[in-house]
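Here is a friendly briefing to read next to the model. Have your viewer ready, and take the topics in any order after the lead.

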Amino acid sequence: MPNMSRISFSPSANLRLAHAHAGNVERTKRQVPSRSVAVRLLAIITLPVLLSAIYLLAIRTSALRWGATAEEVARSMPGDDLVSSPSFRATRGITIQGRPEDIWPWLVQIGYGRAGFYGYDLIENLGSGSGIRSADSILPELQHPKAGDVLPISAVASLVFDSIHPGSSLTWRADTTPSDGSFTWALYPVDEHHTRLISRIRFRHHWMDRRLLLDLFTEFADHVAVPRILVGIKGRVEGSPPQPLAEEAAEIIVWFLALAEFVVAAALVFCWRPWWHAWFLALGSGSLLLFALYAHAPIWIGAVLGSSIAGLMLLMSTREER
């Protein structure tokens, strides 16, 4: 056996090893970051690309025909002739227990500063002089609009009443010549006690115009707003109570929670050493946002998923700090 008393460690050798290790670390710090930042930036860019692909391939087509049958989508409706070659076409429908004459009064009074939209009151009626809540009764003063009357749809935008056929159909259009947008509501009796309410929106995107921002907002928000309007009208005609504002607020909070988690996780891609952990969290929170907006699922599912992502983000951040 070797004589253990003869084995020794030279202080100078240990010092050289320490200096060599420090040099390696310093070289790594100098050489990796530029490449690492480029890779992480590319990873960030892929996030909206992937989420857009999910929206286009898995969500948009079905959202454009929510509740509508193939026959209803193919059917010609009033207002179709107002917009030639639209880039956005949506036909949606719902069955209501009621006759056309029961539904018409609720339709004709819709509008910002009027009866509201029976949907997301906390967003759609914000700042409205008629109050935050959409009407829960028929308003006689709003029952007789005329073609050409202005229809406010928000504090900054409006449409114009076009064709009005009481008990049958109502068309709004953009105030342009020729018109580049139309929105039609039509009533089709099913039997003596049930009616199909069909909505159709057609517009052209303004690709080379500052109005494109409003078009893009409509592109993504329309799938959320119109089904809720249809459900709101159905509830009022059938006598169901409107959704409580607290429940509506909880739903909106889930949207903003998912959006905030996406932004934070995307930023953490540049901060965490295992950056792909943050990238997957960003992809998950972005997918949650799409789910919360378009799946029309119970609020608690989105809340649980959002809380889970937040918990994972906090846990991983704690580990990263250690």
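The side chains of Asp-121 and Arg-133 come together in a salt bridge (3.2 Å, N to O), a term for a side-chain nitrogen of Lys or Arg within 4 Å of a carboxyl oxygen of Asp or Glu. Asp-121 sits in helix H4 (residues 121-124) and Arg-133 in the loop between H4 and strand E2 (150-152), so this pair ties together parts that are 12 residues apart in sequence. Please keep in mind that this is a predicted model, where local features need pLDDT of at least 70, side-chain atom pairs count only at pLDDT 80 or more, and totals for chains, interfaces and linings use all residues. Residues are numbered from 1 along each chain as its sequence is written, and side-chain values use heavy atoms, with hydrogens and water left out.

**Salt bridges**
- The structure holds 12 salt bridges.
- Asp-121 counts as buried at 1% relative accessibility, while Arg-133 is partly exposed with a relative accessible area of 33%; buried means under 20% relative accessible area, exposed over 50%, and partly exposed in between (1.4 Å probe, protein chains only).
- Asp-180 and Arg-211 also meet through their side chains in a salt bridge (3.6 Å, N to O).
- Asp-180 lies in the loop between E4 and E5 and Arg-211 in the loop between E6 and H5, so the pair ties together parts that are 31 residues apart in sequence.
- Of these two, Asp-180 is buried, with a relative accessible area of 12%, and Arg-211 counts as partly exposed at 36%.
- Within helix H5, Lys-234 and Glu-238 lie four residues apart, about one turn of the helix, and their side chains form a salt bridge (2.8 Å, N to O).
- Lys-234 is partly exposed at 25% relative accessibility, as is Glu-238 with a relative accessible area of 32%.

**Overall make-up**
- The protein chain has eight helices and six strands; helices (H or I, at least four residues) and strands (E, at least two) are DSSP runs, numbered from the N terminus.
- Along the sequence, the pattern reads α-α-β-α-α-β-β-β-β-β-α-α-α-α.
- Of the 322 residues in the protein chain, 42% are buried.

- E1 is mostly covered, with seven of its 10 residues buried.
- E1 and E6 run antiparallel and are joined by 10 bridges (strands pair if DSSP finds at least two bridges between them), and Phe-88 has Phe-203 in E6 as its bridge partner.
- Ser-199 belongs to strand E6 and is buried, with a relative accessible area of 2%.
- Leaving aside neighbours within four places in sequence, the residues in contact with Ser-199 include Ala-90, Phe-183, Trp-185 and Leu-230, where contact means heavy atoms within 4.5 Å.
- Helix H3 (residues 100-108) is mostly covered, as seven of its nine residues are buried, among them Trp-104 and Trp-106.
- The cover over the buried residues of H3 includes strand E1 (88-97), strand E6 (194-203) and helix H5 (212-238).

**Helix H8**
- H8 (residues 299-321) has 23 residues and reaches 33 Å from its first C-alpha to its last, close to the 33 Å expected at 1.5 Å a residue; the expected span is 1.5 Å times one less than the number of residues.
- Gly-302, Gly-306, Ile-309, Met-313 and Ser-317 are the buried residues of H8, and their cover includes helix H6 (245-268) and helix H7 (275-294).
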